[in-house]
Amino acid sequence: MHIVYYYAIFTISLLCTAIYAYIWHKHFNICFTMIFTFVPLCNLGYLLVATSENLSEAFVAIKIVYSSCFLALFILLAILELCNFRLKKWMVTTLFLFSMAVFASTLTIGETGLFYKTGKFVTKNGYSTVVDKTYGPMHTVFIIMIICYFLIPLAAMVYSLLKKKDVSNKVVSLLILCEAICFFSYFAGKKFTFNFDPIPFSYVVAQVIFLIIIRKISLYNVTDTGIDSIEMSGEIGFVSFDNKLNYLGGSDIALIVFPELMKVKVDTPASKDEKAYKEVVSKIEAFIENPDNNSFTRVWGSEIYRVTINRLYNAHKCKGYQLLIRNDTKEQNYIQLINSFNESLEKEVDLKTRRIVEMHDNLILSMATVVESRDNSTGGHIRRTSDVVKILIDEIKKDNVFNLSDTFCNNLIKAAPMHDLGKIAVDDAILRKPGRFTPEEYMEMKKHAAEGGRIVHEILKNTDDYDFHILAENVAHYHHERWDGSGYPEGLIGEEIPIEARIMAIADVYDALVSKRVYKERMSFEEANKIIMDGMGKHFDKRLERYYVAARPRLEEYYTINA
């Protein structure tokens, strides 16, 4: 009956280990694997003791039983891990060396009195055992070790139950049950006399409890389950390389996206394969040189993948590089759709904006035309001055000493028709007078410049184009100012006059000279040129002289055609 018990316990422990091997996952803690390895080994020792035929065989079997030195250690480490207590490496190493020293002392059983001094081999009802054992000093150390290996995790479990929120109380309760059964079996077996040793049974109970715990905690490890879920989705893959860019392996989806890696042997330089180097390794090298180059796109078939390069860490140490491959097809298609929509919308907005601007410009031109129709000119002044401004601007831009932007130049050409809007406030009797003005009439006429600035300001005050607003207002307000300060309405001198008004002044005067009015005939180009040149440095900015001179042939050609 006793032999059947030990055979049954050993068989059950092997079955539990087989179940563990079946459900094993790469993310399982190594301590679990060691527990399921040592339990059958210890139970094998108990079976061999029970079936031994002499003291020598029994002592060999007992040495196997005492591999429990390591079993107790791994149970301790597993419990601390489950309670989220992280021991330093030196602590784990110290405990392992201590357990190894104790186990080494058990190997002297039958040789020295270090662990067992004496023992008597007996057989009863076909069941063998060693009785009347006299223990050596290392056995006392072993007992102390077992007690310590019980108390340390017990303290950790109690603390976890009372204080820690990141540990399952159900798991801790199962661990306490496991510890209690093992502790009771060991020390109760020493104190009370049983027909069989309860310790092998307690080991099997521990295996069953750990199988239950492992099934539970596999869902608690959010990082591991997250990675598994990501891999199973088929949307994300991983490829890893060490610091020397040796290929370490890749997930299924990664090898589909980068089939060239299938030709690369694990733990060999991926750079040896030309395609693998071009598609993968060169990207990692670029990342090493500049960490900002940490992503690229890979198109495979109809799918678009976004590949991100990260450093590969193990135990907080950088061990290489990892490629995170994510299926980005839906996002890219969505972005493409949005971009297409935005492009269409931009074109529509641009079209509407152009129409609004055209309406705005036409409105301004219409207002200027209405004003012009009240004047005593023969018409076309606003159109011609705009064209003259454009001809002057073309020359100024050739060396661009004044550093005028394209926007500024376009705005000036567009604002030119607005320069005389202030005449709308001048009385018709004065505006349409065919002869010369009296001093009083001339003073009234001069008010049109300031009034023009005010009108333009009111028209454009709500426009979004602030630069055009200011420029057009300056053209209307200051185009009658003179370089020497003798102009109106403010009497500005030199560069106090905005450059747009200085350019406008030349165009306005030149058109007035070479155009026919109701009170005068058109002046010859030579006469007009003499007046303009005499005015340089007095009426006009002397620095604009060379541009006027350069533009003169085009101006005369223009007025010949449009006379």
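Biologist: Is Cys 409 buried or exposed?

Modeller: The model is predicted, so local features need pLDDT of at least 70, side-chain atom pairs count only at pLDDT 80 or more, and totals for chains, interfaces and linings use all residues. Residues are numbered from 1 along each chain as its sequence is written, and side-chain values use heavy atoms, without hydrogens and water. Buried means under 20% relative accessible area, exposed over 50%, partly exposed in between (1.4 Å probe, protein chains only). Cys 409 has a relative accessible area of 1%, so Cys 409 is buried.

Biologist: What is the relative accessible area of Cys 83?

Modeller: Cys 83 is buried too. Its relative accessible area is 0%.

Biologist: How many disulfides does a search of the whole structure find?

Modeller: A disulfide is a pair of cysteine sulfur atoms within 2.5 Å. The search of the whole structure gives a count of 0.

Biologist: How is helix 18 oriented relative to helix 19?

Modeller: Helices are DSSP runs (H or I, at least four residues), numbered from the N terminus. Helix 18 (residues 499-514) packs on helix 19 (residues 525-535) at about 150°, with axes 9 Å apart. Angles over 145 degrees count as roughly antiparallel. Therefore helix 18 is, to helix 19, roughly antiparallel.

Definitions and conventions
Axes fitted to C-alpha atoms, helices over the stretch in contact; angles between N-to-C directions. Helix = DSSP H or I, 4+ residues; strand = E, 2+ residues; numbered from the N terminus. Parallel < 35°, antiparallel > 145°, perpendicular 65-115°, else oblique.
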